[in-house]
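I opened my notebook today to look around a protein model. Here is what I looked up, entry by entry.

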Amino acid sequence: MAIKVDESKTWDEALNWLREHGFDLLEAPGTQSRVFLKKLGCSCAIEKNSADGVKIFAYPGYLVSGEISKLVNKGYQQFFKTSKTEIAATADHLKALHQFSEELKEALGLPSLYNESLGTTSTSYQYDRVVDRDKAEPERPKRPWEVAAVAVAPGKGKRA
């Protein structure tokens with residue numbers, strides 16, 4: 001029988017752990033109890049919740065032009081995407097992000113899941129054959145074979 005162990009840390013415990021392990025902490029301007037963390041070229045934001053615990057506000061990502069990026073997997077390559085740009089992710093980028101994420105989980109007392117411990121997981125998967133499959137059927141763009149079927153259907157392809 002599995003036993004659940006509550007290892008969550010308080011706000012002060014988490015901040016002390018992060019400082020001791022080389023994270024740069026920057027208070028978010030104009031907010032109370034929100035901190036940006038930086039290490040290894042990666043960043044995220046955490047905030048204090050109502051029970052003196054810690055919650056992740058902005059999930060970890062590699063810093064690209066000063067902005068926290070999202071990791072996107074396009075099947076053949078992984079990319080870091082921001083609101084302005086997209087760059088290819090190298091092995092060094094992915095190792096840094098993986099290490100940053102694992103240390104963050106340890107600092108906050110969060111569980112380290114098996115699939116995440118094997119390597120870096122992406123925020124989004126955009127394989128070319130499954131793009132827009134998560135949208136409702138009417139919202140999906142028509143595929144070339146669907147457009148061709150509509151063009152042939154009225155006359156059913158027969159000539160008079």
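**Ground rules.** I am working with a predicted model, where local features need pLDDT of at least 70, side-chain atom pairs count only at pLDDT 80 or more, and totals for chains, interfaces and linings use all residues. I number residues from 1 along each chain as its sequence is written, and side-chain values use heavy atoms, with hydrogens and water left out.

**The whole protein.** I began with the secondary structure and found four helices and nine strands. Helices (H or I, at least four residues) and strands (E, at least two) are DSSP runs, numbered from the N terminus. Reading from the N terminus, I wrote down the order α-β-β-β-β-β-β-β-β-α-α-β-α.

Next I checked burial: 29% of the 160 residues count as buried. Buried means under 20% relative accessible area, exposed over 50%, and partly exposed in between (1.4 Å probe, protein chains only). The protein exposes about 11300 Å², with carbon and sulfur atoms supplying 53% of it. Those areas come from the Shrake-Rupley method with a 1.4 Å probe; for residues, only the protein chains shown count as cover.

I also looked at contacts, meaning heavy atoms within 4.5 Å. Of those between residues at least 6 apart in sequence, 39% join residues at least 24 apart.

**Helix H2.** I picked H2, which has 18 residues and reaches 26 Å from its first C-alpha to its last, close to the 26 Å expected at 1.5 Å a residue. The expected span is 1.5 Å times one less than the number of residues. Its buried residues include Leu94, Leu97, Phe100 and Leu104. After H2 comes Gly109, with a positive phi near 75 degrees.

**His93.** I then zoomed in on His93, which lies in H2 (residues 91-108). Is His93 buried or exposed? His93 counts as buried because its relative accessible area is 16%. Leaving aside neighbours within four places in sequence, I found His93 in contact with Tyr62, Phe80 and Ala88.

**Cysteines.** A disulfide is a covalent bond between the sulfur atoms of two cysteines. My rule asks for a pair of cysteine sulfur atoms within 2.5 Å, and the count comes to zero.
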